[in-house]
Every structure is written in C-alpha cells, then in structure tokens.
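Subject: Structure handover

Hello,

Here is the structure you are taking over. Please have it open while you read the notes.

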Amino acid sequence: MTGMALWAAPNIKGLWHLADVNDSSGNGYNLTNNGTVTFAIGKFGNSGAFADSKYLSIVNTFGINPSSDAYSMGIWVKPTAQPSSGVKNCIISIEKTSKRGAHIFYFNDSGTYKLIV
C-alpha cells in the first residue's frame, strides 16, 4: 500500500514525506542529507534508507522548546537489520541543548530489542 502521505495542516511545523529532503508543511524547513541517505518507495509511501552514519538533520527547532512546550512527533520505521549488542540507534531527535530534548532510539540491550522514547 503506497500513497498514504500526510498533508500540511495548521500548526504542523515540519513535515517530510522522504521523497527527498524538502519540507512538505510549506514552512521551508528542509533537511540536510548527511552520509547520502537514499530515498525509495516504502510500505506506506516513500522511505529513506539509513545505515551507519547516514542521517537527515536540521538545526532549526521550529520555535519548540522540548523542555517546556507541548508537541508530538511521529515516524514509521522498519529496520532491515538489528543493531549489535549495546548499540543505540537514534531514529528521531529534537534538541534545544545537548541535554534537553526528545529522542526515539532503537536499542539492543544484550539481545533484547527496545524502542526508547
């Protein structure tokens, strides 16, 4: 099933369909492609292929302060390989400073795979 992309709506700060690095919200918050993430058709629309040091980033926090503001973030993830023991892969992150933010990690804790929010 493809073509299930979200659309821009009021109060959405940034929206990426992973067809490329462009912001679909209309706010112009385009991502930076670090390590050459590639894009393809995924299970529910487009997808990005992330591995090793490949990631997408943006330095703008959209005016959100993760330590005090209410907000939500979402993402579909399908790992094609499990991380090695002790490896914590950051899936999505928003930071105001290096110690204040919100992160979603996929983690291998000695053979137990965990999604940490």
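The notes below go from the confidence of the model to its strands, its surface and its salt bridge.

This is a predicted model, in which local features need pLDDT of at least 70 and side-chain atom pairs count only at pLDDT 80 or more, while totals for chains, interfaces and linings use all residues. Residues are numbered from 1 along each chain as its sequence is written, and side-chain values use heavy atoms, with hydrogens and water left out.

Confidence: pLDDT is the predictor's confidence in each residue, from 0 to 100. The protein chain averages 79, and 87% of the residues score at least 70. Where pLDDT is low, the predicted coordinates should not be read in detail.

Strands: the protein chain has seven strands and zero helices (DSSP runs, numbered from the N terminus: E, at least two residues, for strands; H or I, at least four, for helices).

Surface: of the 117 residues in the protein chain, 19% are buried (buried is under 20% relative accessible area, exposed over 50%, partly exposed in between; 1.4 Å probe, protein chains only).

Salt bridge: the whole structure has one, meaning a side-chain nitrogen of Lys or Arg within 4 Å of a carboxyl oxygen of Asp or Glu. It joins the side chains of Asp-109 and Lys-114, at 2.7 Å from N to O. Asp-109 is partly exposed, at 31% relative accessible area, and Lys-114 is also partly exposed, at 34%.

Regards
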